[in-house]
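Q: Can you walk me through this structure? Keep it short, please.

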Amino acid sequence: MIEKAKKLFLESLRGKEDIYGLGTHVPEAEKWAGKLCGIYKEADREVVMLAVWLHDIGHYPVDKVDHAVKSEKIAREFLEKENYLKDKMEKVLHCVRSHRCRDIMPETQEAKIMACVDSASHMTDSMYVDIVRDGRAEYAFGKLERDYRDISKFPEVKKELKDVCGKWKALLGALSKIDI
Ligand SMILES: [Fe+2]
Ligand SMILES: [Fe+2]
């Protein structure tokens with residue numbers, strides 16, 4: 001089932017301009033998810049991995065609707081079509097819907113892992129630089145701060161990325177001052 005979700009995600013990018021860099025962000029999130037599922041063995045690895053591949057699938061086309069809402073809808077249609085177990089499906093959908101830690105907060109261990117790996121993957125990818133280069137430095141700083149808040153719920157990840165977070169702040173500050 002995980003392979004099917006991965007295929008669905010990769011197909012969803014085909015022929016589209018990947019302006020949010022999801023083609024690298026989601027595989028990066030998968031690496032972090034593998035690490036956390038190895039530590040927190042009580043978490044349902046399949047639920048987490050399905051959520052990873054499906055959590056951003058509703059990003060494109062970009063419109064005013066929250067992509068977490070659109071991703072949940074697409075994920076539901078996909079999992080229902082695959083006759084996936086109902087209770088596990090609801091767990092995956094909660095992870096997808098709450099991954100932004102905004103209007104709906106992650107309540108299960110799997111959803112907390114999903115939110116953490118989403119943020120951790122931003123810190124080991126180039127997304128902040130892309131945002132600053134796009135002239136939205138303030139947004140990049142805000143996102144970095146929210147990401148640090150969300151990774152801090154898992155001490156192992158916080159410890160590993162604390163230094164990186166500080167370095168991002170310095171780099172983004174320097175980049176945002178360049179006048180070209
Ligand atoms: Fe997202
Ligand atoms: Fe994401």
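The chat below turns to a metal site and then a helix.

A: First, the ground rules. This is a predicted model: local features need pLDDT of at least 70, side-chain atom pairs count only at pLDDT 80 or more, and totals for chains, interfaces and linings use all residues. Residues are numbered from 1 along each chain as its sequence is written, chains are lettered from A and ligands numbered from 1 in the order written, and side-chain values use heavy atoms, without hydrogens and water.

Q: Which protein donors hold the iron ion (ligand 2)?
A: They are H25 (NE2), H55 (NE2), D56 (OD) and D118 (OD), at 2.1 to 2.2 Å from the ion. Donors here are N, O and S atoms within 2.8 Å of the metal (3.2 Å for Na, K and Ca); water is not among the atoms, so sites may look incomplete.

Q: What does D56 bridge?
A: D56 bridges the iron ion (ligand 2) and the iron ion (ligand 1). The two ions lie 3.5 Å apart.

Q: Are H25 and H55 buried or exposed?
A: Both H25 and H55 are buried. Buried means under 20% relative accessible area, exposed over 50%, partly exposed in between (1.4 Å probe, protein chains only).

Q: New topic. Which residues of α1 are buried?
A: A5, F9, S12 and L13. Helices (H or I, at least four residues) and strands (E, at least two) are DSSP runs, numbered from the N terminus.

Q: And what is exposed on the other side of α1?
A: E3 and K7.
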